[in-house]
Amino acid sequence: MERSPAATGNLAYWLSPWAAREPERVALIDLAEGERVLTYSALDERIDRVAGLLRDAGIGPGERVLVAIGNRAEFIEAMFGAMRAGAVPVPLNTRLGATQLAHCIADAEPAGAILEPAAAPAVLGLLEDRPLRLRLALGEPPP
């Protein structure tokens, strides 16, 4: 069954028609850590996995999920995965200082967070005492 933004009313399914029609076509080239190529079917599947993780954590429609990831494929996966779960992705500017990040986090009242500690090290400490249902960190924390 083909999912589309028109059929679901959800922008998170924008690439599903491409994944159905041309699954092996290149959708994204990530140069964050060498060259990594993702096809439409692979990207669609990875976005589905993020949505599943959020749903399994009990994060549902309308709840906010912080996304603090650098310029890499996982940012796309987290943003659209949150939307597929019905959640609202809240992208944090990884270049903001701790004071501004603290304000954004408090204002968002997040239910979960997907972050890359190396891209936004201040976020880890700011989330330490928050009651989040999901904390997903990519890679290793900074030294």
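1. Starting at the N terminus, the order reads α-α-β-β-α-β-α-β-α-β-α-β.

2. A quick word on the ground rules: this is a predicted model, where local features need pLDDT of at least 70, side-chain atom pairs count only at pLDDT 80 or more, and totals for chains, interfaces and linings use all residues. Residues are numbered from 1 along each chain as its sequence is written, and side-chain values use heavy atoms, with hydrogens and water left out.

3. Now for helix 3, residues 40–56: its 17 residues reach 24 Å from first C-alpha to last, close to the 24 Å expected at 1.5 Å a residue (that is, 1.5 Å times one less than the number of residues). Its buried residues include Tyr40, Leu43, Ile47 and Leu54, and Asp44 is also among them. Buried means under 20% relative accessible area, exposed over 50%, and partly exposed in between (1.4 Å probe, protein chains only). After helix 3 comes glycine 58, with a positive phi near 85 degrees.

4. Which residue other than glycine has a positive phi, near 50 degrees? That's glutamate 109, sitting in the loop between helix 5 (98–108) and strand 5 (112–115). Glutamate 109 counts as exposed, at 59% relative accessibility.

5. Back to strand 1 (residues 26–30), where you'll find valine 26. Valine 26 is partly exposed, with a relative accessible area of 43%.

6. Looking at the chain as a whole, 41% of its 143 residues count as buried.

Key:
Helix = DSSP H or I, 4+ residues; strand = E, 2+ residues; numbered from the N terminus.
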